Structure formats: C-alpha cells, structure tokens
Amino acid sequence: MKTIDELLSEGVSGKRVFVRADLNVPLSDGTITDDGRIRAVLPTIAKLAEAGARVVVASHLGRPKGAPDPAFSLAPAARRLGELLGADVAFATDTVGASAKETVAALADGRVAVLENLRFNAGETSKDDAERGAFADELAELADLYVGDGFGAVHRKHASVFDLPARLPHAAGYLIATEVGVLKKLTAEVKRPYVVVLGGAKVSDKLAVIDELLGKADRLLIGGGMAYTFLYAKGYEVGISLLQKDQVDKVTEYMARAEANGVELVLPVDVLVSADFPDLKGKTPADYETVDADKIPADKEGLDIGPRTRELYASKIADAETVFWNGPVGVFEHPDYAKGTKAIAQALLDSPGFTVVGGGDSAAAVRTLGFDENAFGHISTGGGASLEYLEGKTLPGLAALED
C-alpha cells in the first residue's frame, strides 16, 4: 500500500488530489455536535495543501436516498474544515455536475474544496458495478491523484471508496495508515492479557466479531442492550429489556465455546432498571433502581450496568496489556445511565496497556462525557470498519489501495 509520504515525494504541486475523507459527522439542526472525524483527516489535507496540491475533498454524510437532501448537506462540514485549516474552503453544491467542475477548475495551488454529499448520487452506493463505475468515471475527471483516508467507509464497496482508486494513481492517507497499524496490534501483534469490551444495542450486530474473538481474546466483557440476550440465555428474567430471542441459541453456543476455549466471558452482575425509557436530554427525572442481574422485574428495562458490575469490569481491565472497546454499556446520553460507560472509559485510562476505543458511539461517548481523547492509545473513526477488520473480512476500501 503506497503511503501519502511516497506520493508527496513524487511531487503533487499543481495536481488535483481527490481525498476520500469521512466527514460523516453528527448534526443537530445543522450544527456539528462532534467534529472528531474532520479533525482526524486534517493532517492529510493540510499536508497536501502545504505541498501545493489542489485538494478535492469528498465524503458521504448520513443515508440520503441517492438524491439531494438538504438535511444531509456537507456544507457545515466544509465550513468547519475551513475553520480548522484556518483557510477558505470552497464548496461545490453537487458531486460531478457544473458546480463541482467549476469549483475544482477554479482551485489554485494549495487550496481546498469540498464536494457535496457523494450519496446524493445513486451511483455512489449502487450494487450494480456498471452504475457505480460510471459514477467513478465522472469523479475521476475531477482529479489526477487519489488519496484514501476515509477509514469509516473502507468496509463499503462504494464508487468513491472501491472503484475510483482503480482509475487514478493512489495512496493511503495518514489516518488510514494509523488505523491499520492499530488494528494489526489487535490481531497479528497482540500483547496479552487481551481484553475486549463489547456493548451497544443488538447482539446480532456483534455476532461475527464475537465468533472471531473467541479464538483470540483472553476476556470478553459484555454490556449494553446486547447483554440482556446473554442473561436471558442463562435463564434469567430480563423484563422489558432489549432482547433478541432469535439469537439465544447462538449466544448459548458462544458461552459454551468461551468456556471450552478458556476465554473469560463476563456478564453484568447488577443493572440499573426503569419502567420507562429516559428522556435522553435529561429534562425529566429518571425513576430507576439497581437490581441483581438475575432479578430484573418483569415490568422494567435494563438501561445501564450497576455499581458492582462497574467495579468488576474495571478489575478485569486493570491488568490488560491490550484493550479494545466497542459500544457503550448503557444509555450514556442520559446522565443517570452514563455511569457504566463512564466507568469503562476511566478503566481504559487507568490501564497500563494499549487501549483502543473502537469508533462509533464509543468514540462519541468519550467526547460527550468529557474525557481527554488524547489520553487513550487510539480512538478509531470507524466502528463498523474496525469490527469487520477484527472479523477477518477483506475491506474493499483497503484492498483498492493495495498496489
């Protein structure tokens, strides 16, 4: 995989460099609530601009249905990128149309432009190779070189991620190089004890990675909504907690495999429960109680791990040489149910080992709860991409960057 430094050594001044970034930031009424993904790609964009390249940045945002939708415009991301760069950033109001062509043609050496949301064009996400390829052909007309640095999208076989690199000389940006280096430390170069914390809502989203980790991790700590399917599989009453009954047999099999493989699979011993899902903005008081994990009332829902579980999980992380965490262990958006997720983040900070926060909601939680993100070993920009890499899958966006 060619590096951006190799590309720079060959000279990029005056050349149009297409940077496939991941600017898929969360928005609230048009305001960015977490700019972590923009800051993550900043070193690549800044270095190219400093070298005199004409930088064309492209990304997706959200899930528009292959047509323009103002709610998913990248305009706020373009403005924030300009603020972080300390320079004006041009913005094209389409992807490959008149505005994109005029904006790119007007770029001077060392300047940056952002194209509108790639998913406003149906060709970006099409499953039809010809349609996807046709869109990649149009994108290729806007550039001389390609730099892939949108790690959060490398598990997608999309036009700008998979097809476009085949049409242009290409290299991996700094972010992708960093992310891949970190993931190797979680797969091929693991220091033990290796502890994995998995949370999030649905166990079905994590089955493949659990399957893979049962042969690699030393301990698996389970939290979040997915924990209740495990507790149910143990024969516990879980009330109205999130439960995927269709996954109980698989979960039971995984618990048996963990025991057979000598992998310590740790489940909550107590949980916070309530009869009502909370107002996530914290405007209403939460009516909750802490109960043992095997004594959840029939009319209540588990919303966070309890204090004894927080202590237990922290003790299981304390001596780890490698820790990977993906998924909050409670409804962290509400202050009454954020203590579990906060405890996991603190345990990672206290760990002497190499700690990785696996993107997505985990990364958002770290920032929302006020932690210094620089204190962790690494905070990934791609939760889904990280999980699929750990599952052993070939990621299209990484394969496309190989020479």
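Which residue forms a salt bridge with R367? Keep that in mind while we look at the chain. One caution: this is a predicted model.

Start with the layout. Ten residues of domain 1 and eleven residues of domain 2 make the contact.

Now the interface. The two domains bury about 770 Å² between them. Carbon and sulfur atoms account for 56% of that area. On the domain 1 side, look at D34, F151 and H155. These supply 60% of the area that domain 1 buries against domain 2, more than any other three residues.

Back to the opening question. The partner of R367 is D34. Their closest N and O atoms are 3.0 Å apart. Across the interface of domain 1 and domain 2, the rule finds two salt bridges. There are also three residue pairs in polar contact across that interface. And the side of domain 1 that touches domain 2? What is its make-up in nonpolar, polar and charged residues? Three are nonpolar, three polar and four charged.

Strand 15, residues 322-326, and strand 16, residues 354-357, pair in the parallel sense over four bridges. T322 has F354 in strand 16 as its bridge partner.

Note on methods. Residues numbered from 1 in each chain as written. Predicted model: local features only at pLDDT ≥ 70, side-chain atom pairs only at ≥ 80, totals over all residues. Heavy atoms only, no water. Contact = heavy atoms within 4.5 Å. Buried area = accessible area lost by both parts, 1.4 Å probe. Salt bridge = Lys/Arg side-chain N within 4 Å of Asp/Glu carboxyl O. Polar contact = N/O pair within 3.5 Å; in protein donor to acceptor, adjacent residues only side chain to side chain. Nonpolar A, V, L, I, M, F, W, Y, C, P; charged D, E, K, R; others polar. Pairing = 2+ DSSP bridges. Helix = DSSP H or I, 4+ residues; strand = E, 2+ residues; numbered from the N terminus.
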